[in-house]
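Welcome! Take a moment to look over the sequence and the model before reading on.

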Amino acid sequence: MDAASVLLKQGIAQMMSIIDGLHQPWLNGIELLDDAKLNKHFLATGCEGIDQILRGGLRMGQLTELVGPSSSGKTQVCLCAASHVAEYSGTTMFFDTGNSFSPERIERIINHRSKSQFQADQRRLVRVMSSISSRSVFDIFELFDMLGHLENTLKSQVKDEGSNLRLIVIDSISSLLAPILGDIDANGWSLMQSAGFLLKRLADEHNLSVVVRFFKRPPTIRF
């Protein structure tokens with residue numbers, strides 16, 4: 001067994017042990033309804049057509065998959081949503097797996113929305129960009145580490161004053177999964193399911209909206 005396979009199996013074993021130790025509490029229908037009314041609101045993306053299709057925007061507490069061919073505007077939607085949420089709702093974390101995060105594009109998006117003078121636009125840009133955190137990640141295990149650290153941070157913030165994080169964007173997860181799923185390997189599928197589980201748990205437990213971009217996701221892949 002080569003070193004890569006050993007590392008892969010160790011990563012899977014670590015993730016599965018974490019998953020096995022976690023159990024969601026049972027909630028009755030009234031509790032679920034109250035939670036939906038109080039917490040599961042929509043975050044507008046700033047793209048009017050998409051917000052109409054989604055009946056308000058990205059649902060808090062849920063994971064949204066963004067799928068499409070190359071050059072269909074998926075990254076533009078991610079950047080638009082990140083900037084809009086950062087301006088009007090709270091902070092955004094942008095996990096960049098392919099050097100797609102572009103401050104210049106966000107600046108153009110903000111200026112396109114604004115009809116005010118240059119100085120006002122600059123203040124607006126600073127405010128929005130200060131509310132977006134971008135991290136480059138090029139390995140699925142590195143993503144697991146980052147998400148684990150984020151989860152611990154959010155739990156500690158809940159005990160204190162609470163978190164202002166509203167949106168997590170992963171653009172895209174395909175480049176992290178493709179090297180593992182290329183041969184339709186069972187270990188690769190397990191990693192994919194583990195990633196989906198972690199992201200859904202983060203969304204649900206901390207009332208976040210999570211956007212995951214795919215590139216032409218095969219029909220059998222589903223988070």
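Here is a short tour of the sheet, the cores and one arginine.

This is a predicted model, in which local features need pLDDT of at least 70, side-chain atom pairs count only at pLDDT 80 or more, and totals for chains, interfaces and linings use all residues. Residues are numbered from 1 along each chain as its sequence is written, and side-chain values use heavy atoms, leaving out hydrogens and water.

Let's begin with the sheet. Its 5 strands are paired in parallel and form an open sheet in the order S3-S7-S6-S4-S5. Strands are DSSP runs of E with at least two residues, helices are runs of H or I with at least four, and both are numbered from the N terminus. Two strands pair if DSSP finds at least two bridges between them. At the edges are S3 (63-68) and S5 (132-136), each pairing on one side only. S3 is joined to S7 by 6 bridges, and Val 67 stands opposite Phe 214 in S7.

Now for the cores. A nonpolar core is a set of buried Ala, Val, Leu, Ile, Met, Phe, Trp, Tyr and Cys residues joined through side-chain atoms within 4.5 Å. Buried means under 20% relative accessible area, with a 1.4 Å probe and protein chains only.

| Core | Size | Residues among its members |
|---|---|---|
| Largest nonpolar core | 32 residues | Phe 95, Ile 140, Leu 143 |
| Another core, apart from it | 24 residues | Leu 43, Leu 58, Leu 125 |

Finally, Arg 124 lies in helix H6 (residues 118-129). Arg 124 is buried, with a relative accessible area of 11%.

Conventions: Buried < 20%, exposed > 50% of the residue type's maximum accessible area, 1.4 Å probe, protein only.
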